[in-house]
Amino acid sequence: MVTQPINRREFLGTTAAAGAGLLLTSCSPKAIVKKASALSKINIALIGCGAQGQVLLDSLQVIEGIRLAAVVDIWDYNRNSNVRRLKENGFDVTGYHDYEELLAHEKDLQAVVVAVPDFWHAPVTNACLNAGLHVYCEKMMSNTIDGARSMVATMRKTGKLLQIGHQRRSNPRYMFALNRLVRDAQICGRLTAAQAQWNRAKTDDLGWPKHSDIKPEVLAQYGFKDMHQFRNWRWFKGLGGGPLSDLGAHQIDIFNWWFGQTPKSVMASGGLDYYKNHDWYDNAMVIYEYPLAEGVARAFYQVQTTTSAGGGYFEMFMGDEGTIKMSENPGITKLYREDRAKAWDELVAKNYLSASAVERPAGDADKVDVRETAPLLQYDIPVSFNKKIHQPHLENFFNAIRGTAKLNCPADEAFASEYVIHKANEAVAAQKMIAITAQETEA
Amino acid sequence: MVAAPDECDGRDAAAKAATMSEIHVFNHHAMATQFQVRIADEDKTYAGQAAQAAFAVTDDLESRLSRFRANSEITQITQLAVGEKLRLSGPVFACLNIARKMENATRGAFSLTAAALKTQPTKPLWSLPANEFTIRCDSGRLEFDLGAIGKGFALDRMAELLREWSCPAFLLVAGGSSILAGNAPANSAGWSCGLGDDHSPQRYRLKNCSLSGSGLAVQGKHILDPRTGLPGTLRHRAWALTDTAAESDALSTAGMILREDEITAVVGKNQDWLVFLQEKENWRHLGQRQMPPEA
């Protein structure tokens, strides 16, 4: 057991939960802000102002030490409204139609954040890396394995940084849970299984305001059949990868990250069983087999787009002594101890866990005190997180540019996860188990 | 399933015209209550897409404004030490500016820190430094509760979006306590809105304005007087009619606490505001704003 319950990387962007204040007294948030603001500004641009671009933009507006110089979108409606809102909020930004126009005009950029549709990730990222910029690219790296591989190759060739947007890898709660609870304290015992899901209620396809259509020739130039496909590209083959890629990518990446390796096989079932005008599967159930050193662990993943039932979105790691159910939503996070495991009071004392009450000492085996029924203790991770959920991952990227941090999700590491996600879609189509070698997951 | 636009355009014109004449109603859970979008004089499919986009606005605002979300801006504001600042997003900065204006206009009867005196000896103070888009904690702990303005602010933002989508004939409802009316449906003088319980006899035809109600019927004596930190309700119910929902939401809450002479003074300085008070089966209004037509 280590004596330092939280390290600096886990702390950045974190505040202490009630009861865990001792963890962080030597490192106040104010000090962090002062340090960041003393750094020189990094000039950046956001390429892609759609739904995910908006999420990233939210964080980019509050991160210290960067200057948002430009936003890019081929949809005038989106680009112009973002430029207007940003200017209203004090940001001096320029809007550009596409990444080529950006690169032609903005000569003082150090980095770009890429949030265009998946099939544009590789071309845009490769162009920006080749232009000498560091790149933060949303997941999936690409809608094809070859596209993702080309991004790793360009990253290596140019020596620039390429961070992939699996933002949980920079989430202090996830980092704490993995490093302290799973690895140091081995709270789960031997890991034997994992389960993750993301179930969403049925939604209608996205529309767009009247009079905001992109001209058909412009849509065609950028690979879209029509405005409907532009707005709903995630559902179409050749543009995105469907729900396993959109939602599953985050969580299957957690399987690989926490197990510390890639699976040796995948089997899956799914289909386009509900929606009538999409290409990609609207539901899938996937089983990976991980050959861990201590024995096989199987990981089940399901994604549904017709029901929100099933307890939200989470990743659960199950062992013979305990289970951790993780989620970006702290309200869903849970810890369970198996009866056979030793008490967690020592972990509570060391601020590895918080508990709903003080655990009573075991006492002498030949004595007992009788009183009211005691409730079962509830445990939680003693790290809360008060920033926007993508903010630490972006901050990690900018700190890596400054040389004060190492990327938490460089493209070559992300490639391994994304390879096995592509294989899940392949397994659905093939309706059979597909073997995966460690070698083929390397870019 | 929503049809692709080319499928919409190919539909029978008569069928499309039929959906245009209906009022389309869409529901969504947010901010611990039910939001509703009603859109008139529009194709149902398009209205549904517009409503979906409007609900996304509400969800986004909830993630910023909820004090129950660990990473909301309101939660981050609560954690500010005295003298510290926090950079705010555009929507939150705008909402807090309105809240500050309403606090001043209502003589402190509406305040984001209404409950703070339950846990702090004095009212916490805050400021919005000009041109910085930040909030600064000037004293105390900024335990904000946007329960009396957040839903109204969300309705205003939803309305902006629906107008952008060229759906001007709408009625937006937040939990039954705040409504924001856009244009009236075709061949109507306005949306029929009542004061009080279902099928209230006191009804008005509203368009391009907002009506909010506060009262004790649902949550009991839940309205604290921010000036004392104690329950300060002087009446069973109060309503406010203004141009924007953020204003009506806040003003109706203040209307529960202010004495009648204070309300008269408040609405006397704001010509666009009306406050309705109920005494048994009779409703009275205070303010200079022209009364809407009765329904």
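Tutor: Begin with one strand. In a regular strand the side chains alternate between the two faces of the sheet. In strand 9 (residues 265-271) of chain A, the covered face holds Val266(A), Ala268(A) and Gly270(A), while Ser265(A), Met267(A), Ser269(A) and Gly271(A) form the uncovered one. Strands (E, at least two residues) and helices (H or I, at least four) are DSSP runs numbered from the N terminus. The model is predicted: local features need pLDDT of at least 70, side-chain atom pairs count only at pLDDT 80 or more, and totals for chains, interfaces and linings use all residues. Residues are numbered from 1 along each chain as its sequence is written, and chains are lettered from A and ligands numbered from 1 in the order in which they are written.

Student: Which strands pair with strand 9 of chain A?

Tutor: Two strands pair if DSSP finds at least two bridges between them. Strand 10 (residues 283-292) of chain A is an antiparallel partner over 7 bridges, with Glu289(A) opposite Ser265(A). Strand 18 (residues 434-435) of chain A also pairs with strand 9 of chain A in the antiparallel sense, over 2 bridges; there Ala435(A) is the bridge partner of Ser265(A).

Student: How many helices and strands are there in chain A, and what is its radius of gyration?

Tutor: Chain A has 15 helices and 18 strands. The radius of gyration is taken over C-alpha atoms, and the globule rule is 2.2 Å times the number of residues to the power 0.38. For 443 residues a compact globule would be near 22 Å, and the 23 Å of chain A agrees. Its C-alpha trace spans about 85 × 55 × 45 Å along the principal axes.

Student: What share of chain A is buried?

Tutor: A residue is buried if 20 or more other C-beta atoms lie within 10 Å of its own, exposed if 12 or fewer, and partly exposed in between, with C-beta atoms placed from the backbone. Buried residues are 49% of the 443 in chain A.

Student: How many residues of chain B are in contact with chain A?

Tutor: Contact requires C-beta atoms, placed from the backbone, within 7 Å. By that test 25 residues of chain B touch 29 of chain A. Helix 1 (5-9), helix 3 (44-65), helix 4 (73-78) and helix 5 (90-105) of chain B each supply at least two residues of that side of chain B, and helix 3 of chain B gives the largest share, 5 residues.

Note on methods:
Two residues are in contact if their C-beta atoms, placed from the backbone, lie within 7 Å.
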